[in-house]
Amino acid sequence: MANHEEVFKKVISHAKEYGYIFQSSEIYDGLSAVYDYGQNGAELKKNIREYWWQAMVQLNDNIVGIDAAIFMHPTTWKASGHVDAFNDPMIDNKDSKKRYRADVLVEDYVAKIEAKIDKEVTKAAKRFGDAFDKAQFVSTNPRVVGYQEKADGILKRLGKSLENEDLADVKALIEELEIACPLSGSKNWTDVKQFNLMFGTKLGSTAESAMDLYLRPETAQGIFVNFLNVQKTGRMKIPFGIAQTGKAFRNEIVARQFIFRMREFEQMEMQYFIKPGSQKEWYETWKEKRMKWHLSLGMGPENYRFHDHEKLAHYADAACDIEFKFPFGFKELEGIHSRTDFDLGNHEEYSGKKLQYFDPEENKSYVPYVLETSIGLDRMFLAIFSNALQEEQLENNTTRTVLKLPAVLAPTKAAVLPLLKRDGLPEVAQKLVDDLKWDFNIAYDEKDAVGRRYRRQDAVGTPICVTVDHQTLEDQTVTIRHRDTMEQQRVKMDEVKDIIAKEVEMKEWLKRI
Ligand code: ATP
């Protein structure tokens, strides 16, 4: 496929055309950065959530799951630091009136420098052939070294200015780099200001008694405030984890890139409570565990990388992202954060309640440290969906659009197709559906030529098609066709269930972790 933008447009239109994702309130011209999941999207999303939940909760005997409310006592957000520090630096272009995140403008500039480095590397790799040593080239080629120094210098300065809250310097940096508004092309910028990302609302019926609340900007705090409840009632021993999936809300300044950055989204988070001092070890362990989870889905190791944070958030003593290669480049998919005792310590202070654990081995109480893994469900959806969508050149000079979703996550596991709409074939096919539907989501389709029906199932991502034809009436066999290879095999009808199960069952996939 052509350039990145075209690929991404194709992803968005395919998601709509096949019932995966719709713009929210579309008949009223939509709501910016809010999306609805359609009939197939809801299934895919549910399967991703389940794949995460089983890997986290079901397969770890020291991790349990909860479901906390979206509304929380407002002091929660003071203790967590969100009231004071959950800000993004924003800047407006005076000509286009468009608002941007100041740090993202600078990061996009740096990404362009990095793209230049990539270009030099690709060129050199071609020139030198097998003898090419990338590491050596990158560290010695004067042009590349120059680019890298420039990129590093810019990011370092940005990190420092943000850490020191020196917003004037962020603006100065934008001006020095001569960054122009992508829309108006002008460099006519306002000052950089902080913008709090939490959505406020009110609880209560009368104006006087109403209480100011926030919609939670992350699910993690619901876990922290329940730390003791779960520890005591579950008689949990450190180390142990609490997992949760649920909605979070952020009034993002620039909510572009489809479901990559939404104002209402879903997170899958796990907080692992550990002994103070053991955080380095657990940080490495969870980095490795989470990467293995991703790789088990078979989307290719070349599409993932770790990215260490330059600027640590106010709560962290180590942090990194797992980045995924989206159609618009490598971007954060999941965060792994060593949060020390920041959260529990602050909740102790603000609530006046002890949030400590008595360690029988050490014979003393302490506030546990926390290791967090936090992934956006919608972002994971986008990673999977955009990676799966492929345009394939076939031997007979035609192309097919195929959505190669990991079979374990596909909304529909198999489609049953009678070759013709007569001769008793639909009845046999329907009977097969009635048998299979107890175990899997099954589609039935009898319209159009079977070739077209295969293409339809390819495009919607169904891993297996089962075709019932005249021979079925004689010997109880059917044709199984696999989405990815398009290979067909003749099998006994009573083997179909096992064949599908082998390909789609969650436990088979989870075993690869
Ligand atoms: P970003 O830097 O992209 O804004 P973040 O570092 O603020 O993300 P975290 O607070 O660490 O994100 O949240 C954990 C995960 O939640 C992210 O890795 C991402 O997958 C997801 N996430 C965060 N914000 C959004 C959003 N606005 N829309 C969709 N997913 C999001």
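This report walks through the overall build, the domain interface and a few local details of a predicted model.

## Overall build

Let's start with the whole chain. The protein chain contains 18 helices and 23 strands. Along the principal axes, its C-alpha atoms occupy a box of roughly 80 × 60 × 55 Å. The radius of gyration is 26 Å, which agrees with the value near 24 Å that a compact globule of 513 residues would have.

The chain splits into two parts: domain 1 takes in 1-72 + 211-391, and domain 2 covers 394-510. Between the C-alpha centres of domain 1 and domain 2 there is a distance of 34 Å.

## Where the domains meet

On the domain 1 side, 22 residues are in contact with 20 residues of domain 2. The size of an interface is often expressed as the accessible area that is lost when the parts come together. Here the area buried between domain 1 and domain 2 is about 1900 Å², with carbon and sulfur atoms giving 67% of that area. Between domain 1 and domain 2 there are 0 salt bridges, while 9 residue pairs make polar contact across the interface.

Which elements give two or more residues to the side of domain 1 that touches domain 2? They are the helices α1 (4-17), α2 (39-58) and α13 (377-388), together with strand β17 (389-393). Helix α2 provides the largest share of this side, with 9 residues. Sorted by class, the side of domain 1 that touches domain 2 holds 12 nonpolar, 6 polar and 4 charged residues.

## Salt bridges

Side chains of opposite charge can pair when their charged atoms come close. The model has a count of 39 salt bridges. One of them joins the side chains of K16 and E26, at 3.0 Å from N to O. K16 sits in helix α1 and E26 in the loop between β1 (21-23) and β2 (35-37), so this pair ties together parts that are 10 residues apart in sequence.

## Backbone details to look at

Most residues other than glycine have a negative phi, and most peptide bonds are trans. D29 is not a glycine, yet has a positive phi of about 75°. Like E26, D29 is placed in the loop between β1 and β2.

The other spot is the peptide bond between I238 and P239, which is cis, with omega at about 5°. P239 belongs to the loop between α10 (227-233) and β9 (240-249).

Technical notes. Residues numbered from 1 in each chain as written. Predicted model: local features only at pLDDT ≥ 70, side-chain atom pairs only at ≥ 80, totals over all residues. Heavy atoms only, no water. Domains from an automatic or database assignment. Contact = heavy atoms within 4.5 Å. Buried area = accessible area lost by both parts, 1.4 Å probe. Salt bridge = Lys/Arg side-chain N within 4 Å of Asp/Glu carboxyl O. Polar contact = N/O pair within 3.5 Å; in protein donor to acceptor, adjacent residues only side chain to side chain. Helix = DSSP H or I, 4+ residues; strand = E, 2+ residues; numbered from the N terminus. Nonpolar A, V, L, I, M, F, W, Y, C, P; charged D, E, K, R; others polar. Rg over C-alpha atoms; globule rule 2.2 N^0.38 Å.
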